[in-house]
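Take a look at the structure below.

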Amino acid sequence: MTDPILSIAGVSKTYKDGTVALKPVDLDIRRGEIFALLGPNGAGKTTLISIVCGIVTPSAGTITVAGHDALADYKSARRAIGLVPQELATDAFESVLATVKFSRRLFGRSGHSDYIEQVLRDLSLWDKRDTPIKDLSGGMKRRVLIAKALAHEPDILFLDEPTAGVDVNLRRDMWKLVHRLRENGATIILTTHYIEEAEEMADRIGVIRGGELLLVEDKAALMKKLGKREMKLTLIEPLAAVPDTLSDWDLTLEDEGRTLRYVFDAQAEDTGIPALLRRLEAENIQFRDLESSRSTLEDIFVDLVGEKA
């Protein structure tokens with residue numbers, strides 16, 4: 001494995017009042033991957049990102065960004081990072097183009113760049129380039145934040161809840177751009193409440209809760225390890241309760257006794273299904289339909305943190 005583009009070792013944050021915002025985190029991010037950090041509100045996602053981006057000072061730990069110590073060599077480390085924050089903070093009188101060019105110059109790059117034009121076109125902002133930011137809609141302001149983060153051509157792009165509350169068109173444009181950036185070698189780290197996006201986009205998933213990083217897994221491995229399957233049987237005659245003779249299986253009744261639900265481990269050598277079907281026949285419990293489905297990433301997430309994102 002090549003050296004990680006971002007290495008986080010023992011990073012934690014405790015505030016003066018004793019509040020522990022982040023327990024020690026160890027995490028390596030691979031160059032060119034899309035990494036999704038999932039967790040409920042207040043889990044520590046934004047705290048971790050803010051520490052890596054130099055906005056919040058860690059209480060302990062080390063961070064290495066593209067070979068640079070993020071604490072000892074802040075400028076070099078920060079130059080490798082682009083950050084799209086959660087909050088809209090762009091009510092400036094300057095035009096879109098001037099604002100994005102200024103962001104580029106902050107990192108020592110020339111303001112006259114075909115790259116800036118391409119970014120604005122990719123984000124459907126080119127026609128708005130001379131418009132004052134204060135006159136833009138909320139969705140357009142969000143696009144400007146993305147353009148500002150990309151202005152200096154960073155190696156790592158952080159997207160902190162980037163599509164929360166935005167329109168469908170922006171979300172679609174956003175993910176197209178993410179794919180294109182990754183194809184060009186960028187590393188993408190995102191937090192999101194849209195779990196279906198993480199399931200579709202990410203190479204690896206991290207789950208954080210209460211300031212603690214619970215797990216980090218390749219998405220496919222996570223789905224395989226924690227994913228369950230369920231089988232639903234639509235009964236011909238409803239049941240008032242699951243018979244004691246079926247207690248060997250994890251069964252629940254739904255839809256006023258008309259549906260029998262069986263949850264099982266798809267990776268197990270014996271799923272228990274053949275024996276269950278034989279027992280149902282012996283008990284003269286008949287069904288008219290059988291449906292099987294696999295757990296989604298959201299199901300797994302809920303199992304881990306006990307609530308929906």
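## A nonpolar cavity

The lining of the largest cavity has eleven nonpolar residues, no polar ones and no charged ones. Keep in mind that this is a predicted model. Searching the whole structure turns up one cavity of 30 Å³ or more. The volume of the largest cavity is about 70 Å³.

Which residues line the largest cavity? They are Leu-6, Ile-8, Leu-27, Ile-29, Phe-35, Leu-37, Leu-48, Ile-49, Val-52, Phe-158 and Ile-189. Strand S1 (6-14), strand S2 (20-29), strand S3 (34-38) and helix H1 (45-52) are the elements that give two or more residues to this lining. H1 gives the most, with three residues.

## The largest pocket

Now turn to the pocket. The largest pocket has a volume of about 310 Å³. It is lined by 17 residues. Closest to its centre are Tyr-115, Glu-153, Leu-181, Asn-184 and Ala-186.

What classes of residue make up this lining? Nine are nonpolar, three are polar and five are charged. Helix H4 (114-122) and helix H6 (168-183) each supply at least two residues of the lining. The largest share, four residues, comes from H4.

## H3 against H5

Next come the helix pairs. Helix H3 (residues 96-106) packs with helix H5 (residues 138-150) at an angle of about 30 degrees. Their axes are 8 Å apart. Angles under 35 degrees count as roughly parallel, so H3 is roughly parallel to H5. The crossing of these two helices is right-handed.

Which residues of H3 and H5 meet? From H3 come Val-96, Thr-99, Val-100 and Ser-103, and from H5 come Val-144, Ala-147 and Lys-148. By class, this contact has four nonpolar, two polar and one charged residues.

## H3 against H4

H3 also packs with H4. The angle here is about 125 degrees, and the axes are 11 Å apart. That angle makes H3 oblique to H4. H3 passes H4 in a right-handed crossing.

On the H3 side, the contact uses Val-96, Leu-97, Val-100 and Arg-104. On the H4 side, it uses Tyr-115, Ile-116 and Leu-120. By class, the contact has six nonpolar residues, no polar ones and one charged one. Val-96 and Val-100 of H3 meet residues in H4, and Val-96 and Val-100 also meet residues in H5. Tyr-115 of H4 meets H3, and Tyr-115 is also among the residues closest to the centre of the largest pocket.

## H5 against H6

How do H5 and H6 cross, and how far apart are their axes? The axes come within 10 Å and cross at roughly 15 degrees. The two helices are therefore roughly parallel to each other. Their crossing is right-handed.

H5 brings Gly-139, Arg-142, Arg-143, Ile-146 and Leu-150 to the contact. H6 brings Asn-169, Leu-170, Asp-173, Met-174, Leu-177 and Leu-181. These residues divide into six nonpolar, two polar and three charged. Leu-181 takes part in this contact, and Leu-181 is also among the residues closest to the centre of the largest pocket.

Notes: Residues numbered from 1 in each chain as written. Predicted model: local features only at pLDDT ≥ 70, side-chain atom pairs only at ≥ 80, totals over all residues. Heavy atoms only, no water. Axes fitted to C-alpha atoms, helices over the stretch in contact; angles between N-to-C directions. Parallel < 35°, antiparallel > 145°, perpendicular 65-115°, else oblique. Left-handed = near helix turned anticlockwise from the far one by under 90°. Contact = heavy atoms within 4.5 Å. Nonpolar A, V, L, I, M, F, W, Y, C, P; charged D, E, K, R; others polar. 1 Å grid on protein atoms, 1.4 Å probe; cavity = no way out; pocket = protein on both sides within 12 Å on 5 of 7 lines; lining within 4 Å. Points joined across faces, edges and corners; volume = space filled by probe spheres on them.
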